[in-house]
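Student: I would like to go through this model by question and answer. Please keep to the chain and its coordinates.

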Amino acid sequence: MVTREEKKENEKKIKVDGTEVKVKTPPPRKVRPVYYCQTCNRSFPSQLDLEEHTKIDHGKKMATSA
Ligand SMILES: [Zn+2]
């Protein structure tokens with residue numbers, strides 16, 4: 001038999017006026033790679049965004065094997 005255990009890792013107890021209060025803390029942010037446009041140095045959160053920007057703003061096609 002398996003007992004399900006819920007872990008609330010993003011909960012934190014703080015004391016407000018001597019009373020314990022549970023507060024939710026946001027989960028740690030994941031570090032995302034950032035893609036830079038080599039033409040104008042703008043940064044984008046994903047390669048797709050960079051490709052779209054490159055196509056739209058610079059009218060270029062990324063080197064892909066199509
Ligand atoms: Zn650009």
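Student: Does Asn41 count as buried or exposed, by its C-beta neighbours inside 10 Å?

Tutor: This is a predicted model, in which local features need pLDDT of at least 70 and side-chain atom pairs count only at pLDDT 80 or more, while totals for chains, interfaces and linings use all residues. Residues are numbered from 1 along each chain as its sequence is written. A residue is buried if 20 or more other C-beta atoms lie within 10 Å of its own, exposed if 12 or fewer, and partly exposed in between, with C-beta atoms placed from the backbone. Asn41 has 7 C-beta neighbours inside 10 Å, so Asn41 counts as exposed.

Student: Where is the place of Asn41, and what is its phi?

Tutor: Strands are DSSP runs of E with at least two residues, helices are runs of H or I with at least four, and both are numbered from the N terminus. Asn41 sits in the loop between β3 (35–36) and β4 (43–44). Asn41 is a residue other than glycine, yet its phi is positive, near 65°.

Student: In what order do the elements of the chain run from the N terminus on?

Tutor: The chain holds one helix and four strands. From the N terminus on, the order is β-β-β-β-α.

Student: How do β1 and β2 run, and how many bridges join them?

Tutor: Two strands pair if DSSP finds at least two bridges between them. β1 and β2 run antiparallel, and the number of bridges joining them is six.

Student: Which residue takes a positive phi in the hairpin of β1 and β2?

Tutor: The loop in question lies between β1 (11–16) and β2 (19–24), and the hairpin has two residues between the strands. The residue there is exposed, because Asp17 has 5 other C-beta atoms within 10 Å. It is not a glycine, although its phi is about 55°. The residue with the positive phi is Asp17.

Student: Is Pro26 buried or exposed, and how many other C-beta atoms lie within 10 Å?

Tutor: Pro26 lies in the loop between β2 and β3. Its C-alpha is 8.5 Å from that of Glu11, and the two residues are 15 apart in sequence. Pro26 is exposed, and the number of other C-beta atoms within 10 Å is 6.

Student: What distance separates the C-alpha atoms of Pro33 and Gln47?

Tutor: Pro33 is also placed in the loop between β2 and β3. Pro33 is exposed, with 8 other C-beta atoms within 10 Å. Pro33 and Gln47 are 14 residues apart along the chain, and their C-alpha atoms are separated by 9.1 Å.

Student: What distance separates the C-alpha atoms of Gln38 and Thr54?

Tutor: Gln38 has its place in the loop between β3 and β4. With 9 other C-beta atoms within 10 Å, Gln38 is exposed. Gln38 and Thr54 are 16 residues apart along the chain, and the separation of their C-alpha atoms is 9.2 Å.

Student: Why does α1 lie largely in the open?

Tutor: Helix α1 covers residues 47–58 and has 12 residues. From its first C-alpha to its last α1 reaches 15 Å, close to the 16 Å expected at 1.5 Å a residue, where the expected span is 1.5 Å times one less than the number of residues. α1 lies largely in the open because, of its 12 residues, the number buried is one.

Student: Which residue follows α1, and what is its phi?

Tutor: The residue that follows α1 is Gly59. Its phi is positive, near 60°.

Student: What share of the 66 residues in the chain is buried?

Tutor: Two residues are in contact if their C-beta atoms, placed from the backbone, lie within 7 Å. Among contacts between residues at least 6 apart in sequence, 0% join residues at least 24 apart. Of the 66 residues in the chain, the buried share is 2%.
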